[in-house]
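Trainee: I have a new model open. How do I read the packing of a helix?

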Amino acid sequence: MAQHRSKNSDRREEKSASNLSEDDSVRLSRQVTLLDSISLIVGVIIGSGIFISPTSVLAYSGGIGWALLIWLFCGILSILGALTYAELGTTFSVSGGDFSFLLEVYGTIPAFLNAFSFLVLRCASLSVVSLTFAANILLIFYPDCPVPEASTRLVAMVMLGGMVFSNSISVPGSRFINVLMTIAKLLALVAIIIAGMTKLTQGNTENFAKAFDPSEFNFRSFPLAIYSGLFAYSGWRYLLIVTEEIIDPSRTIPKAVVISMTIVTAVYLLVNVAYFTVLSAEEVLSSTSVAQEFGQRVFGSFSWTMSLGVGLSCLGSVNGTIFSFSRFLLVASRKGMMPSIASMIHVDRKTPLPAAVIMMPICVLMIMSSDVYSLINFLSITTWITVAATCSIVPYIRWKRPELERPFKVPLVIPVVFFLCCMFIVVMSLYSSPVDCGIGLAIFFGGIPVYYIFVWWENKPIWFNQGMDRATIFLQQLLCVVPPEPESEIRIRDPNP
């Protein structure tokens, strides 16, 4: 796909070429710190689920004690997965996460299928979280009556547009929002934990009397509880999408994944203990919003703070997703698998403005649709297929390229165990929801003809190429963006080049 610069952009670059330093070049710079990295992981993982309905783990495990065990077990497994990705992120020195790893090792088609499904799934997820944000914020103003659906959709679009705008004009600004919202959601969760622990010390232990009752254990559905738990921890992969912007990634990435996953695991476990201290298993299973039910029992007239906490948590999750997902689109475009405009950078703001803006109209259409929730269910299986394929890279590269420099290296058993867990999730998904998974796989592999038509086919009609060129030039002039310079290339650290 051709890349063009507008005349105004050319004159701007010619004027400043003589005194352009490395720090002033039009590219994404390394400014993501350890705190930013931790906030990104925690912010993306902790969305609305832990506040609203942590019921699936309880329903499938069979009892309170078994559910808590699942939360701890899934947290440990997620840490293993995050450590596996940390090795890949410190060996491969490029942004893009799964896409870049798959492209380097397995080729273009697996990488494109990852980009194709990830684009659809992330936009759907952004839409759902935006709607959840709107519903909870409006609930503060509609405490005793249903929230109007039209208002919910409008507020969701406005919030999403605001986050896209923030990520388009300032990288430090979006980083600050991410840190601030992460602190806010953790404070809300800490409030739940403190209130629950207070009740526990006061003797409210009746719900734990038979926590590990063998008669409640459901062996048949127990694997589904693990599936639900691991899904709640998903999001730790996002840090590897912004590797090129992380300061000292070989040290920052391992520290960030260990610290953030430890925080998330501890918070998830303690929040569930707090819920079960106040609410019985039956009440948790029947509740549409566990945090709201908890707040009404514990905080009384201040229960609206739970709605605010859910809203802020959703806001932080949306901001972190846009921050990382725009970099994902930039890298995919840089490799010729998305329109070339998505790889460009604003000449003054040094932000991936086109990549951030591209997702907005897609998300707006999804917010207006009632099928967006089904789309997430359909495509969830593709996430674990991608993660399994990515985890398999570690033993494969250890075997094929043992001489490579690996600043951070995990025991081989870790990626092997997590790969088996991912395959287990895929099999259980097919077992529990064969129709949904079948539709998801059809969408996933439907990306193959899209790849051959828009990426592999080089001799496209002249009218198509000219149309794309004109559109690219127009958008460059409108958005004031140019290709990053110099363009980073994917590379593996090799002590013997």
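Mentor: Start with burial: a residue counts as buried under 20% relative accessible area. Keep in mind that this is a predicted model.

Trainee: Which residues of α6 are buried?

Mentor: Asp98, Phe99, Ser100, Phe101, Leu102, Leu103 and Val105 are the buried residues of α6. The helix covers residues 98-106, and seven of its nine residues are buried, so α6 is largely enclosed by the rest of the structure.

Trainee: Which helices do the buried residues of α6 pack against?

Mentor: They pack against α5 (64-91), α7 (108-141), α14 (304-334), α16 (372-391) and α17 (393-400).

Trainee: Take the pair α6 and α16. At what angle do they pack?

Mentor: The angle is about 55 degrees, and the axes lie 10 Å apart. Angles of 65 to 115 degrees count as roughly perpendicular and those under 35 as roughly parallel. The two helices are therefore oblique to each other. The crossing of α6 past α16 is left-handed.

Trainee: Which residues make the contact?

Mentor: From α6, Asp98, Phe101, Leu102 and Tyr106; from α16, Thr386, Val387, Ala389 and Thr390. Sorted by class, this contact of α6 with α16 holds five nonpolar, two polar and one charged residues.

Trainee: What about the backbone just after α6?

Mentor: Look at phi there. Gly107 takes a positive value of about 105 degrees.

Trainee: And which residue takes a positive phi just after α13?

Mentor: Gly300, with a phi of about 60 degrees. Helix α13 itself spans residues 290-298, and its buried residues are Val290, Ala291, Gln292, Phe294 and Gly295.

Key. Residues numbered from 1 in each chain as written. Predicted model: local features only at pLDDT ≥ 70, side-chain atom pairs only at ≥ 80, totals over all residues. Heavy atoms only, no water. Buried < 20%, exposed > 50% of the residue type's maximum accessible area, 1.4 Å probe, protein only. Helix = DSSP H or I, 4+ residues; strand = E, 2+ residues; numbered from the N terminus. Contact = heavy atoms within 4.5 Å. Axes fitted to C-alpha atoms, helices over the stretch in contact; angles between N-to-C directions. Parallel < 35°, antiparallel > 145°, perpendicular 65-115°, else oblique. Left-handed = near helix turned anticlockwise from the far one by under 90°. Nonpolar A, V, L, I, M, F, W, Y, C, P; charged D, E, K, R; others polar.
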